[in-house]
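This report goes through the model one site at a time. The sequence and structure come first.

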Amino acid sequence: MTAGVGAGGSTRGFTRGRRLRSTAALRRLTAQTRLAPADLVLPVFVKEGIDEPQPISSMPGVVQHTTESLRKAAHEAAEAGIGGLVLFGIPSEKDAVGSQADAADGIVNVALQQLRADLGDELVLMADLCLCEYTDHGHCGLVTPAGVVDNDPTLDRYAAVAIAQAQAGAHVIAPSGMMDGQVAAIRRALDGAAFQETPILAYAAKYASGFYGPFREAAEGAPQFGDRSTYQMDPPNADEALREVAQDLAEGADAVMVKPALPYLDIVARVADAVDVPVSAYQVSGEYAMLEAAAANGWVDRQRAVLETLTAIRRAGAGTVLTYWAVEAARWLR
Ligand code: PBG
């Protein structure tokens with residue numbers, strides 16, 4: 001090949017990258033990353049004992065649903081063509097062991113039952129499996145008298161919750177508590193209760209992040225003492241994410257997640273390179289709040305910036321993005 005006259009080359013000694021950018025149709029044709037409604041999953045909050053949906057002040061546009069408003073929102077989500085929902089429940093009564101997480105009449109299990117009855121298999125119904133919304137101390141597991149989050153006894157609670165969520169109709173169990181051995185414990189429990197076919201999406205690389213702030217208002221699960229840094233990952237670490245992912249896959253996870261998303265795109269990319277199972281990324285509450293606040297001030301073009309973040313997360317290697325903008329973005333994309 002003559003020097004400088006290859007594909008995209010030039011007789012003038014430089015490459016004309018602009019050729020493929022000159023029209024919207026050319027850009028669309030050559031786009032390397034595509035974003036589709038089916039790639040998006042909407043996290044939803046359902047709260048016990050309220051008559052009207054409650055706005056979440058730090059997440060404008062997001063609400064704590066009643067079971068009825070959730071059913072309506074789920075129909076709209078199905079209509080918009082998104083991939084699924086991930087459910088978080090907020091019970092009226094909390095206790096030290098998070099009893100309402102696996103009570104058959106616990107709010108999240110009631111909501112799962114209703115949505116499964118309403119929608120069948122039209123949307124993938126994922127159950128976030130954690131105790132923090134259900135415990136009075138707000139930690140993701142059981143706590144010793146000394147105030148330590150107690151790994152192994154927590155696994156038995158997770159096992160019971162997984163079975164309750166599968167019985168209620170969850171298509172996917174998504175453990176987010178970051179206890180060691182949680183995937184194995186849940187897999188064993190599901191298999192033992194004839195839910196061999198229920199997949200586990202492991203929040204494998206979940207960081208102890210400042211970007212969860214607004215979620216704690218939404219899910220009313222802020223820790224009452226200490227923080228989550230003895231179980232969630234430390235932000236400076238990257239290789240550890242690969243170990244967490246490998247461990248979860250060895251324990252039986254069917255798919256893995258990285259969380260948060262935008263500040264951890266390097267982790268998304270490394271995980272996506274390392275594994276051959278589906279990779280999700282969770283664009284968390286603080287990522288949402290930050291951009292909403294900037295848009296409300298007119299500092300960024302909201303739609304453009306939202307779609308850019310979602311595209312970036314897909315480009316980094318996530319097949320699925322959990323995002324509070326799922327339904328709105330899906331409508332834009334249609
Ligand atoms: C519960 C859980 C959290 C989020 C998802 N599942 C909060 C936390 O770990 O403190 C955060 C989601 C968000 O911020 O949008 N373990």
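Beyond the residues within four places in sequence, Arg 228 is in contact with Cys 140, Ala 208 and Pro 223. In this predicted model, Arg 228 sits in the loop between α6 and α7. Arg 228 counts as buried because 20 C-beta neighbours lie inside 10 Å, and 20 is the number at which a residue is called buried.

UniProt, in an unreviewed entry, lists Arg 228 together with Arg 216 under "binding site". Arg 216 belongs to helix α6 (residues 213-219). Arg 216 has 16 C-beta neighbours inside 10 Å and so counts as partly exposed. With residues up to four places away in sequence left out, Arg 216 touches Gly 221 and Ala 222.

## The cysteine site

The unreviewed UniProt entry also places the feature "binding site" at Cys 130, Cys 132 and Cys 140. Cys 132 is in the loop between β5 (124-129) and α4, and Cys 140 likewise lies in the loop between β5 and α4. Cys 132 is buried, with 25 other C-beta atoms within 10 Å. Cys 140 counts as buried because it has 28 C-beta neighbours inside 10 Å.

Which residues does Cys 140 touch, not counting those up to four places away in sequence? Cys 140 touches Cys 130, Leu 131, Cys 132, Val 149, Gly 177, Met 178, Arg 228 and Tyr 231. Under the same exclusion of residues up to four places away, the contacts of Cys 132 are Gly 138, His 139, Cys 140 and Gly 221.

Ser 285 is in helix α9 (residues 285-296). It counts as buried because 25 C-beta neighbours lie inside 10 Å. Not counting residues up to four places away in sequence, Ser 285 touches Met 59, Phe 211, Tyr 212, Gly 213, Pro 214, Phe 215 and Ala 218. Tyr 324 lies in the loop between β10 (320-322) and α11 (326-333). With 25 C-beta neighbours inside 10 Å, Tyr 324 counts as buried. Leaving aside neighbours within four places in sequence, Tyr 324 is in contact with Pro 43, Met 59, Val 62 and Tyr 288. Met 59 is a contact of Ser 285 and also of Tyr 324.

## Ligand surroundings

Around the ligand are Asp 128, Cys 130, Cys 132, Cys 140, Ser 176, Gly 177, Tyr 212, Phe 215, Arg 228, Val 284 and Ser 285. This shell divides into 6 nonpolar, 3 polar and 2 charged residues.

Ala 162 touches Leu 129, Ile 173, Ile 186, Ala 189 and Leu 190, not counting residues up to four places away in sequence.

In helix α5 (residues 182-192), the buried residues are Gln 182, Val 183, Ala 185, Ile 186, Arg 187, Ala 189 and Leu 190. Their cover includes α4, β6 (172-175), β7 (201-206) and α7 (239-251). Just after α5, Ala 194 takes a positive phi of about 65 degrees.

## Glu 68

Is Glu 68 buried or exposed? Glu 68 counts as exposed because it has 12 C-beta neighbours inside 10 Å. Glu 68 is found in helix α2 (residues 67-80).

## Confidence

The chain has a mean pLDDT of 96, and 97% of its residues reach 70 or more. For the complex, the predictor gives an ipTM of 0.96 and a pTM of 0.95.

Methods:
Residues numbered from 1 in each chain as written. Predicted model: local features only at pLDDT ≥ 70, side-chain atom pairs only at ≥ 80, totals over all residues. Contact = placed C-beta atoms within 7 Å. Helix = DSSP H or I, 4+ residues; strand = E, 2+ residues; numbered from the N terminus. Near = placed C-beta within 6 Å. Nonpolar A, V, L, I, M, F, W, Y, C, P; charged D, E, K, R; others polar. pLDDT = per-residue confidence, 0-100. UniProt positions renumbered as here; feature names shortened; annotations may be inferred.
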